[in-house]
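Notebook open, model loaded. I'm jotting down what I look up as I go.

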Amino acid sequence: MSPESKADKHARALEILRRLEGAYPGADCALHWKDPFQLLVATILSAQTSDEQVNKITPDLFRRYPNPAALAAASQAEVEGAIRSIGLFRNKAKNLRLMSAQLCEEFGGEVPQTMEQLTALAGVARKTANVLLGTAFGIPSGIVVDTHVHRLAIRMGLCKRTERYPEKVEKELMPLFPQDRWVFVGHALILHGRQVCIARAPQCDTCPLSDVCPKRI
Ligand code: SF4
């Protein structure tokens with residue numbers, strides 16, 4: 001089979017987008033949050049942990065620490081106690097306290113709205129910054145590449161089969177989709193990865209993308 005041309009790949013990506021829009025019209029972040037600070041805390045907690053697990057503990061966490069000043073003032077032991085059921089809780093507690101102190105000292109207690117400022121915060125890498133900018137502020141800074149999006153990009157032939165780094169996957173995905181749909185693409189691919197293109201059991205027979213996907217499984 002001859003390699004797919006750039007133009008064909010682009011056209012196929014747009015068709016994938018059209019189908020995702022039909023299948024997941026309201027695709028959104030599954031984390032529960034009411035303001036950018038809560039989304040930032042929840043996203044930091046969600047690393048290597050399911051959104052469901054995070055949503056179980058955040059109501060109590062946000063009641064105890066409703067703003068950056070409260071979380072920055074809490075002791076390491078207190079924060080660890082509040083998030084103990086979450087993976088990597090010691091490291092995450094440390095990052096949450098540091099990040100909250102940075103927000104208070106450098107940004108007047110507000111969550112900043114640029115990639116550069118966000119990724120300078122403790123515990124915040126590009127993926128978390130993309131979640132914040134896209135979901136809390138409506139700024140399409142990039143495409144969120146989590147474990148689902150990474151797997152789907154490979155299976156759908158939208159990035160190299162051997163690509164190991166999420167940031168490189170993101171670089172390959174961005175030019176394939178219109179920038180004003182980047183936030184949706186991230187949310188929709190995550191949902192598709194959870195519901196249909198499941199890691200161990202992809203449902204190719206019933207998948208709405210079946211005829212536009214090379215199924216590199
Ligand atoms: S056709 Fe199969 S591999 Fe392709 S997106 Fe659907 S479930 Fe995943």
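Before anything else, a term I need: two residues are in contact if their C-beta atoms, placed from the backbone, lie within 7 Å. With that I looked up Val144, which touches Lys127, Asn130, Val131, Gly134, Val149 and Gly186, leaving out residues up to four places away in sequence.

**Ground rules**

I note that this is a predicted model, where local features need pLDDT of at least 70, side-chain atom pairs count only at pLDDT 80 or more, and totals for chains, interfaces and linings use all residues. Residues are numbered from 1 along each chain as its sequence is written.

**Whole chain**

I looked up the secondary structure and got 11 helices and 0 strands. Helices (H or I, at least four residues) and strands (E, at least two) are DSSP runs, numbered from the N terminus. Read along the sequence, the pattern is α-α-α-α-α-α-α-α-α-α-α.

Next I looked up the overall dimensions. The C-alpha atoms fill a box of roughly 60 × 30 × 30 Å along the principal axes.

How much of the chain is buried? Buried residues make up 36% of the 217 residues. I use "buried" if 20 or more other C-beta atoms lie within 10 Å of a residue's own, "exposed" if 12 or fewer, and "partly exposed" in between, with C-beta atoms placed from the backbone. Of the contacts with a separation of 6 or more, 61% come from residues 24 or more positions apart.

**Two domains**

I looked up the domains: domain 1 covers 6-27 + 143-212, and domain 2 covers 36-137. These bounds come from an automatic or database domain assignment. The C-alpha centres of domain 1 and domain 2 lie 27 Å apart.

Where they meet, 9 residues of domain 1 are in contact with 6 residues of domain 2. On the domain 1 side, helix H10 (166-173) and helix H11 (182-195) each supply at least two residues. H11 gives the most there, with 3 residues. That side of domain 1 divides into 6 nonpolar, 1 polar and 2 charged residues. In these counts Ala, Val, Leu, Ile, Met, Phe, Trp, Tyr, Cys and Pro are nonpolar, Asp, Glu, Lys and Arg are charged, and the others, Gly among them, are polar.

**Helix H11**

I stayed with H11 and checked its length. H11 has 14 residues and reaches 20 Å from first C-alpha to last, close to the expected 20 Å. The expected span is 1.5 Å times one less than the number of residues.

Is H11 mostly enclosed or open? Because 11 of its 14 residues are buried, H11 is largely enclosed by the rest of the structure. The buried ones include Trp182, Phe184, His187 and His192. Their cover includes helix H1 (6-23), H8 and H9.

**Back to Val144**

Val144 sits in the loop between H8 and helix H9 (147-155). Val144 counts as buried because it has 27 C-beta neighbours inside 10 Å. I also checked Val144 against His187: they are 43 residues apart along the chain, yet their C-alpha atoms are separated by 7.9 Å.

**Helix H2 and Leu40**

Leu40 lies in helix H2 (residues 36-45). With 26 C-beta neighbours inside 10 Å, Leu40 counts as buried. Leu40 touches Val111 and Leu132, again not counting residues up to four places away in sequence.

H2 as a whole has 9 of its 10 residues buried, so it is largely enclosed by the rest of the structure. What covers them includes helix H3 (51-64), helix H4 (68-73), helix H6 (89-107) and helix H8 (126-137).

**Two positive phi values**

Gln48 has a phi near 55°, positive in a residue other than glycine. Gln48 is in the loop between H2 and H3, and counts as exposed with 9 C-beta neighbours inside 10 Å.

Leu88 also has a positive phi, about 55°, although it is not a glycine. Leu88 lies in the loop between helix H5 (76-82) and H6. With 13 C-beta neighbours inside 10 Å, Leu88 counts as partly exposed.

**Ligand**

Last, I looked up what surrounds the ligand. There are 13 residues, and the closest are Cys197, Pro202, Cys204, Cys207 and Cys213. The shell divides into 9 nonpolar, 2 polar and 2 charged residues.

Conventions:
Near = placed C-beta within 6 Å.
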